[in-house]
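This briefing is intended for a reader who is meeting the structure for the first time.

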Amino acid sequence: MRPHTNLWYLVLSSYWFASSFKWFLVLLVLLPARVAELVPEPERATRLGLLFAIGAGMALIGPPIWGYISDRVGRRMPFLALGTLLTAASLVWMAYAGSYGQLVVAYLLLQLADDIATGPYSALIPDLAARRERGVASGWLGTLQVGGQVGAGAVGFLLANLQWQFLLIALVNLLAALLILTLIREVPGLRPQRRGFWQSMRAPWQNADFRWVWFTRFLVMLAQYIVQTYLQYYLADVVQHFSAFGRTLAGEAFQAVALLGLLISIGAALSAVPAGRLSDQRGRKPLIYFAGVGLALLMLPILLLPRFDLLLVLALVFGLLYGAYLAVDWALVSDVLSNPEAHATDMGLWQTSIVLPQVLAGSFGAMLDAFNRQSAGLGYTVLFLLAAIFFVLGTLLVRQIRSVR
């Protein structure tokens, strides 16, 4: 297959489609629903938050470790194959777990499997795409990621059987990995990394731009996970009625959240590639400023007007802004990496800026329950306002990055 064509970008990013398909349904629909089945209602938010926190805490160390091992071996594809097989096994276990304890172990295995696969896989864009093409490459990555969310949203809305959803996710991940392993070659001329483990872990942090890219991404992802983790409960407790245009569009909160997620993903799919191309021409920072501030401003109407018909419109706008941010931010981190032999390690460390917010977002569950006990809906007000603050900080601090315009 000829590199740097549209078809090549699609194949290269196909596992991001599968990974996004997986995490959208697991985090937004399936895990909250399974916890609700296995845990009494007064403890559900706390147990869900604990599960996210434990899994994310474990996943913090996975991406850089498996990225480092990939750099030392000088290969990416064997790790993608192993991680995908473990992913499929853990999803089947989660589908049929008979207790909260089993669900915890299966979810931890899923986190480990994802780290094995995506830690090395995340290095492929900085490995294979020239700097002048990284906006386009990241745009296609973003499109495939949100395309996975579109598919997942449709499945979550239309397929009511939770076990079948788990099995479908496993199948999609297996097919995507097979496509890449068949059609994408290993990175040509990739030399194994010779630096020691601790030296490799320290090296990127000596670059101030890498530190700022990591921290700004951390803040934005913390804002996103605060909203995402408890959105299903917000719909059930505050919105309650899922009607628009004179029709009931969803009978249950998990179906309503899947529909909103579908609209977010459609918006993101429309904006990712154009935003990536524009960032190659005009620079990364202006698009990040626009998208991040817009995401913060959307938190206010969500809180002030908790109507499902309005939320449908806001979800589409949120998706347009988030798709632009997602595409440009991936190109931004690719631009600041300085050592080609350490791309997987460095990208693995950068991925902790996505995982660590899960730890903190999960810890907000107890606070949510506590504020809601004081006054109905107060916990959601506090959480969404915090999300707006994190969106703003994560956007404005991008100006500290000096090597990228």
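Leu-112 has a relative accessible area of 30% and is therefore classed as partly exposed. The residue belongs to helix H5, which covers residues 100-121. The model under discussion is a predicted one.

**Residues and their distances**

- Between Leu-112 and Ala-160 there are 28 Å in space, taken from C-alpha to C-alpha, and the two residues are 48 apart in sequence.
- Val-382 is part of helix H16, residues 378-396. Its relative accessible area is 22%, so Val-382 is partly exposed, given that the partly exposed class lies between under 20% for buried and over 50% for exposed.
- Val-382 and Leu-303 are 79 residues apart in sequence, while their C-alpha atoms are 9.8 Å apart in space.
- Asp-369 is located in helix H15, which spans residues 343-374. With 14% relative accessibility, Asp-369 counts as buried, because buried means under 20%.
- A separation of 14 Å is found between the C-alpha atoms of Asp-369 and Phe-384, which are 15 residues apart along the chain.

**Salt bridges**

- Side chains of opposite charge can pair when their charged atoms come close. The count of salt bridges in this model comes to 5.
- Asp-329 and Arg-217 form another salt bridge, in which the closest N and O atoms are 3.0 Å apart. Asp-329 is in helix H14 (residues 308-336) and Arg-217 is in helix H10 (residues 208-239), so this pair ties together parts that are 112 residues apart in sequence.
- Asp-329 is buried, with a relative accessibility of 0%. Arg-217 is likewise buried, at 3%.
- A salt bridge also joins the side chains of Asp-309 and Arg-307, with an N to O distance of 2.7 Å. Asp-309 has a relative accessible area of 26% and is accordingly partly exposed.

**Helix packing**

- Two packed helices are described by the angle between their axes and the distance between the axes.
- Helix H11 (residues 253-282) packs with H14 at an angle of about 35°, and their axes are 5 Å apart. The crossing of these two helices, H11 and H14, is right-handed.
- The contact of H11 with H14 comprises 20 nonpolar and 6 polar residues, with no charged residues.

**Nonpolar surface patch**

- Ile-61, Ile-65, Ile-69 and Val-73 make a nonpolar surface patch of about 310 Å².
- Val-73, one of the residues of this patch, lies in helix H3, residues 44-73. At 47% relative accessibility, Val-73 is counted as partly exposed.

Definitions and conventions:
Residues numbered from 1 in each chain as written. Predicted model: local features only at pLDDT ≥ 70, side-chain atom pairs only at ≥ 80, totals over all residues. Heavy atoms only, no water. Patch = residues over 30% accessible without salt bridge, like charges linked within 9 Å, V, L, I, M, F, W, Y side chains within 5 Å. Areas by Shrake-Rupley, 256 points an atom, 1.4 Å probe, with all protein chains shown as cover. Salt bridge = Lys/Arg side-chain N within 4 Å of Asp/Glu carboxyl O. Helix = DSSP H or I, 4+ residues; strand = E, 2+ residues; numbered from the N terminus. Buried < 20%, exposed > 50% of the residue type's maximum accessible area, 1.4 Å probe, protein only. Axes fitted to C-alpha atoms, helices over the stretch in contact; angles between N-to-C directions. Left-handed = near helix turned anticlockwise from the far one by under 90°. Nonpolar A, V, L, I, M, F, W, Y, C, P; charged D, E, K, R; others polar.
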